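Have the sequence and the 3D view open as you read.

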Amino acid sequence: MPNWGGGAKCGACEKTVYHAEEIQCNGRSFHKTCFLCMGCRKALDSTTVAAHESEIYCKTCYGRKYGPKGIGFGQGAGCLSTDTGDHLGLNLQQGSPKSARPSTPTNPSKFAKKVVDVDKCPRCGKSVYAAEKIMGGGKPWHKTCFRCAICGKSLESTNVTDKDGELYCKVCYAKNFGPKGIGFGGLTQVEKKE
């Protein structure tokens, strides 16, 4: 079928990408807003992208999914990463050995108690410390996780809306949860929903 739109098709959303909004990676074109990690939905650029066949990832998710596994491989020399990537849907721990140590101390003392009760980020599930905390929807978020759940746009207090514990930019919220019908960007008088 001929390409009447004048541009290449986006590798993520399959819509036409015009030159002014185009980012190319591995011979494929993307909208700037669609150039997101397939694991964590973080915005990418030429320095943070890692491509694998037709998939694009941030370097962290790429390492979790396709990097070497086992003791000594991870986020630093001689370091064992305990991040399995489950919260990103990466399923990395197939057949990994269980830890030989018990998860709770066998001889608990009054000093073994948790010193600080740290909030958890609803998006990634990791601890949110005061220096990186942004409140939204009554919950603490990391600055990097404070993004629209649909388009991945970075949010601020002026353009954030929340629904059912998730954050959205005002545009995505209006499209998906706002009023529908004539005069609201939905149906016109000529079109009728059947």
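A residue counts as buried when its relative accessible area is under 20%, and as exposed when that area is over 50%. The model is predicted.

Q: Is Thr 161 buried or exposed?
A: Thr 161 sits in strand 11, which covers residues 160–163. The cut-off for buried is under 20%. Thr 161 has 19% relative accessibility, so Thr 161 is buried.

Q: Which residues does Thr 161 touch, not counting residues up to four places away in sequence?
A: Contact here means heavy atoms within 4.5 Å. Leaving out residues up to four places away in sequence, the partners of Thr 161 are Glu 166, Leu 167, Tyr 168, Cys 169, Lys 170 and Tyr 173.

Q: Is Asn 26 buried or exposed?
A: Asn 26 lies in the loop between strand 3 (22–25) and strand 4 (28–31). Exposed requires over 50%. The relative accessible area of Asn 26 is 53%, so Asn 26 is exposed.

Q: What distance separates the C-alpha atoms of Asn 26 and Glu 53?
A: Asn 26 touches Ala 51 and Glu 53, not counting residues up to four places away in sequence. Asn 26 and Glu 53 are 27 residues apart along the chain. Their C-alpha atoms are separated by 8.0 Å.

Q: How many helices and strands does the protein chain have?
A: Along the sequence, the pattern reads β-β-β-β-β-β-α-β-β-β-β-β-β-α. The secondary structure comes to two helices and twelve strands.

Q: What share of the residues in the protein chain is buried?
A: The protein chain has 194 residues. Thr 161 is buried. Across the protein chain, the buried share is 26%.

Technical notes. Residues are numbered from 1 along each chain as its sequence is written. This is a predicted model: local features need pLDDT of at least 70, side-chain atom pairs count only at pLDDT 80 or more; totals for chains, interfaces and linings use all residues. Side-chain values use heavy atoms; hydrogens and water are left out. Helices (H or I, at least four residues) and strands (E, at least two) are DSSP runs, numbered from the N terminus. Buried means under 20% relative accessible area, exposed over 50%, partly exposed in between (1.4 Å probe, protein chains only).
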